[in-house]
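Have a look at the backbone and the ligands, then read on.

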Amino acid sequence: MISIFVIAPIIAVIDSCQKMKSLSYKINSASCIGCKKCVSVCPEGFISMENGKAQINDCIGCGRCYGVCPTNTIYSIEE
Ligand code: SF4
Ligand code: SF4
């Protein structure tokens with residue numbers, strides 16, 4: 001029989017992973033200065049430029065773009 005002391009930490013890790021996946025990042029176009037720093041760090045190539053503004057097309061919630069944006073234009077939401 002598997003002990004609760006083994007199962008509980010596993011459940012906690014799975015739960016935290018699910019919480020990470022539920023974060024998604026968005027861009028407030030009004031304050032984007034078009035520096036493209038976010039484009040260069042996205043590991044999945046999900047950010048494109050349109051009319052000089054960055055646009056997030058999909059997201060795995062890694063937060064890299066958020067970390068490099070000089071104008072705090074990128075924000076997270078829970079999905
Ligand atoms: S949070 Fe990560 S995956 Fe999502 S758009 Fe930014 S860099 Fe790309
Ligand atoms: S890093 Fe920020 S300011 Fe630069 S293009 Fe991306 S969203 Fe716009």
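Asn72 sits in the loop that runs between helix 3 (64–68) and strand 4 (74–78). Keep in mind that this is a predicted model. Although Asn72 isn't a glycine, its phi is positive, at about 50 degrees. Is Asn72 buried or exposed? It counts as exposed, because Asn72 has 9 C-beta neighbours inside 10 Å, and the cut-off for exposed is 12 or fewer.

You'll find Asn51 in the loop between strand 2 (47–50) and strand 3 (53–56). Asn51 isn't a glycine either, yet it has a positive phi of about 55 degrees. With 7 C-beta neighbours inside 10 Å, Asn51 counts as exposed.

Now for the ligands. Which residues come closest to ligand 1? They are Tyr25, Cys42, Cys59, Cys62 and Cys65, out of 14 residues that surround ligand 1. Around ligand 2 there are 14 residues, and the nearest of them are Cys32, Cys35, Cys38, Ala54 and Cys69.

The shell of ligand 1 includes Cys42 and Tyr25 among its closest residues, while Ala54 is one of the nearest to ligand 2. As for the two asparagines, Asn51 has its positive phi at about 55 degrees and Asn72 at about 50 degrees.

Terms used
Residues numbered from 1 in each chain as written. Chains lettered and ligands numbered in written order. Predicted model: local features only at pLDDT ≥ 70, side-chain atom pairs only at ≥ 80, totals over all residues. Near = placed C-beta within 6 Å. Helix = DSSP H or I, 4+ residues; strand = E, 2+ residues; numbered from the N terminus. Buried ≥ 20, exposed ≤ 12 C-beta atoms within 10 Å, placed from the backbone.
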